Amino acid sequence: MSSTAAIQVQGLVKRYGAKNAVDGIDLSVESGEIFALLGPNGAGKTTTVEILEGYRTATAGQVKVLGFDPATKGSAGQKWRNQIGIVLQSTSDAADLSVFETISHYANYYENPRNVDQVIDEVGLREKIDAKARELSGGQRRRLDVALGIIGSPQLLFLDEPTTGFDPEARRSFWELIRTLKAEGKTILLTTHYLDEAQALADRVGVINNGQIIEIATPQTLGGRNNAPAKVTWLENGVTNQIHTKDPTTEVLKLSQRFGGSVPELEVSRPNLEEIYLKMIGELR
Ligand code: ATP
């Protein structure tokens with residue numbers, strides 16, 4: 001295990017009755033890294049994350065988060081908790097406070113909170129600053145959750161499906177916020193069902209299925225993505241043609257010679273992370 005790891009997990013098991021929801025996971029997230037946990041419904045992502053957050057206890061295995069076991073935290077207690085930001089999968093009950101009041105209230109719990117106004121802008125809730133939390137739409141509530149997760153200026157941020165219910169524009173703004181936090185040196189562990197989100201943000205992704213890690217890799221190399229054949233498509237005689245090839249450059253050159261210049265509606269693409277992920281999961285079924 002690396003000494004710079006923010007999260008270290010070895011042989012993690014969580015049993016519910018006869019079922020191992022988490023079945024021997026090894027994982028290490030480096031300080032300053034964005035790591036995305038991917039996997040189908042019920043794979044064990046939330047269980048793993050909530051053990052790391054100290055909300056669930058492990059059946060077996062070793063876990064260290066910022067140097068402490070979240071189940072005991074040793075003497076670190078509140079100090080440890082203050083360095084960790086959490087956005088849970090389910091939103092908390094909306095209080096009767098306004099957006100501004102809610103975020104300010106949470107800011108008081110921390111030694112060095114981020115600026116409340118800045119956070120409101122960062123999550124795109126400026127127009128709703130005086131609205132009561134219970135009056136927000138689902139996506140706006142989720143933005144408030146994210147605001148509460150980052151207000152304490154945490155060193156390590158857990159985000160469990162943070163952008164569920166976000167419209168596409170809000171999702172892009174959220175990605176920018178995550179990049180800003182990374183530039184500040186924060187470590188981020190996120191779970192998501194949006195493969196484009198993982199592709200856009202993560203330094204590494206880990207795929208979980210049935211409580212076990214299937215593969216940990218960069219989004220570029222997962223499932224051999226970097227070596228996957230490219231798809232070349234073009235229009236010829238009114239019909240779209242396609243071939244899969246390991247050497248698209250040669251194919252494009254040949255096509256260009258055949259057409260005597262530009263190739264109509266030429267496109268060269270490699271499988272995106274979602275296609276690779278679906279293939280991986282599909283092969284396990
Ligand atoms: P999703 O993508 O749907 O959020 P997930 O990967 O986060 O799924 P978990 O919530 O970790 O999955 O659940 C893993 C397994 O553990 C599931 O089979 C679930 O039914 C089971 N499980 C989770 N929490 C409990 C619990 N409190 N009691 C019993 N079984 C549980």
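I take helices (H or I, at least four residues) and strands (E, at least two) as DSSP runs, numbered from the N terminus. I note that this is a predicted model, where local features need pLDDT of at least 70, side-chain atom pairs count only at pLDDT 80 or more, and totals for chains, interfaces and linings use all residues. I number residues from 1 along each chain as its sequence is written, and my side-chain values use heavy atoms, with hydrogens and water left out.

**Entry: ligand shell**

I began with the ligand. Which element gives the most to the shell around the ligand? I found that α1 does, with 3 residues. The ligand is surrounded by 15 residues, and the closest are Gly42, Lys45, Thr46, Thr47 and His193. I sorted the shell by residue class: 4 nonpolar, 7 polar and 4 charged. My classes put Ala, Val, Leu, Ile, Met, Phe, Trp, Tyr, Cys and Pro as nonpolar, Asp, Glu, Lys and Arg as charged, and the others, Gly among them, as polar.

I looked for polar contacts, pairs of N or O atoms within 3.5 Å. Within protein, one atom must be able to donate a hydrogen and the other to accept it, and residues adjacent in sequence count only if both atoms are side-chain atoms. Gly44 places a backbone N or O atom 2.9 Å from a ligand oxygen. Thr46 uses an N or O atom of its side chain, 2.8 Å from an oxygen of the ligand. For the side chain of Thr47 I read 2.5 Å between an N or O atom and a ligand oxygen. Next I checked burial: taken alone the ligand exposes 640 Å², and the protein buries 64% of that. I used Shrake-Rupley accessible areas with a 1.4 Å probe; for residues, only the protein chains shown count as cover. β2 (19-30) and α1 (45-52) are the elements that give two or more residues to the shell.

I call two strands paired if DSSP finds at least two bridges between them. Strands β10 (residues 230-236) and β11 (residues 239-245) pair in the antiparallel sense, over 7 bridges. I see Trp234 opposite Asn241 in β11. The hairpin has 2 residues between the strands, and Asn237 takes a positive phi near 55 degrees.

**Entry: salt bridges**

My rule asks for a side-chain nitrogen of Lys or Arg within 4 Å of a carboxyl oxygen of Asp or Glu. I count 15 salt bridges by this rule. For cover, buried means under 20% relative accessible area, exposed over 50%, and partly exposed in between (1.4 Å probe, protein chains only).

Asp117 and Arg126 meet at 3.0 Å, N to O. Asp117 is partly exposed at 34%, and Arg126 is partly exposed at 36%.

Arg142 and Asp145 form a salt bridge with their closest N and O atoms 2.9 Å apart. Both lie in helix α5 (residues 138-150), 3 residues apart, about one turn of the helix. Are they buried or exposed? I read Asp145 as buried at 10% and Arg142 as buried at 4%.

Arg143 and Asp167 meet at 3.9 Å, N to O. Arg143 lies in α5 and Asp167 in the loop between β6 (156-160) and α6 (168-183), so the pair ties together parts 24 residues apart in sequence. Arg143 is buried at 17%, whereas Asp167 is partly exposed at 37%.

I also logged a network of salt bridges that links Arg114, Glu122 and Glu184.

Technical notes. Near = heavy atom within 4 Å.
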